[in-house]
Amino acid sequence: MPGEVPTGWTPSRFDDVASVGRGLTYSNSQECPADDADAVCVLRIPNVQVQRFDPTSLKFINGVTAKQIDKYRVPRQAILMVGSNGNAARVGNCCFVDSDEDYLFASFLMRVVPDPEITDSTFFYYLLAAGEVQDAITESVEGSTGLKNISLTMLRQQRLMLPPLPEQKKIAAILSSVDEAIQATQAVIEQTRRVKEGLLQDLLTRGLPGHTRFKQTEIGEIPESWEVRPLGDCLPKGSVQNGLYRPATDYGDDGIPIIRIDSFQHGGTVNLDGLRRVNVESVEARRFQVADDDIVLNRVNSLSHL
């Protein structure tokens with residue numbers, strides 16, 4: 001029957017089995033090079049991808065007190081979660097940080113540290129990353145304009161079903177092995193992507209094999225039979241335009257889906273899942289409609305909150 005759980009599993013409340021807190025707020029003036037004598041590494045939203053810790057694009061800051069370092073440290077096998085973001089779909093995204101590096105975590109993130117006597121940290125991460133908890137976070141996101149935030153009250157009161165600790169460890173081991181297989185596949189995909197980028201560079205600057213004569217131009221060396229033209233000469237008149245602007249208060253769950261900056265992903269793809277919607281007049285809808293074979297560019301952006 002629905003709601004049945006295996007014998008030995010027990011209901012628990014989130015704050016009875018794990019601690020959670022928001023991250024460090026710092027100013028732009030604190031940012032510094034990695035080799036600064038007082039530099040500490042702080043993890044931000046770009047480092048927390050969907051079920052993946054991304055240790056690239058690291059930020060270093062100075063002027064952090066010993067008390068702050070102790071309070072905002074990311075211990076090994078901690079869980080980081082996006083607590084605030086302009087994109088509601090990013091709120092609740094979490095990753096498992098299994099690293100001995102010295103990290104702090106920044107505001108807009110939350111750190112979850114499970115009680116090792118009650119729950120296995122890897123199991124607890126998988127519990128937070130999927131299913132009931134993510135749905136509860138989505139339903140409870142707070143904030144009508146600008147940033148969307150996790151309700152800490154909701155999260156701390158979230159009810160969880162926990163198997164005995166030995167079973168948690170076995171479940172975590174199975175799921176970890178699956179993740180390792182996924183990561184191996186992703187490594188192959190990334191290598192293929194780099195090969196593709198190199199091939200694109202060769203084909204778009206030197207053409208197909210067979211060219212033997214080249215010439216120097218303002219954009220570099222190209223085959224002698226090629227010509228250089230301004231980009232505008234290659235596009236129909238009026239085909240380039242800025243996108244539809246609407247204040248944050250106009251976005252919602254009803255209306256026409258709209259592609260925004262946060263829909264862009266690495267590698268030139270656009271994530272069409274969970275698009276925000278906006279109500280517009282039919283004339284505007286036609287003017288800003290994206291058709292097949294259109295190219296959408298990310299014109300301006302700040303990486304700090306993505």
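How many helices and strands make up the secondary structure of the protein?

1. The model discussed here is a predicted one, and the secondary structure of the protein comes to seven helices together with 20 strands. For a reader who wants a sense of its extent, the C-alpha trace spans about 75 × 50 × 45 Å when taken along its principal axes.

2. Turning to burial and surface, 31% of the 306 residues of the protein count as buried. The protein exposes about 19,700 Å², and carbon and sulfur atoms supply 52% of that area.

3. The cysteines deserve a separate point, since a disulfide is a covalent bond between the sulfur atoms of two cysteines. A search of the whole structure finds zero disulfides. C32 takes part in none, and the nearest cysteine sulfur, which belongs to C41, is 10 Å away, whereas a disulfide would need the two sulfur atoms to be within 2.5 Å. C32 has a relative accessibility of 14% and therefore counts as buried.

4. C95 is likewise in no disulfide, and the nearest cysteine sulfur to it, that of C94, is 7.3 Å away. With a relative accessible area of 0%, C95 is buried.

How values were computed: Residues numbered from 1 in each chain as written. Predicted model: local features only at pLDDT ≥ 70, side-chain atom pairs only at ≥ 80, totals over all residues. Heavy atoms only, no water. Buried < 20%, exposed > 50% of the residue type's maximum accessible area, 1.4 Å probe, protein only. Helix = DSSP H or I, 4+ residues; strand = E, 2+ residues; numbered from the N terminus. Areas by Shrake-Rupley, 256 points an atom, 1.4 Å probe, with all protein chains shown as cover.
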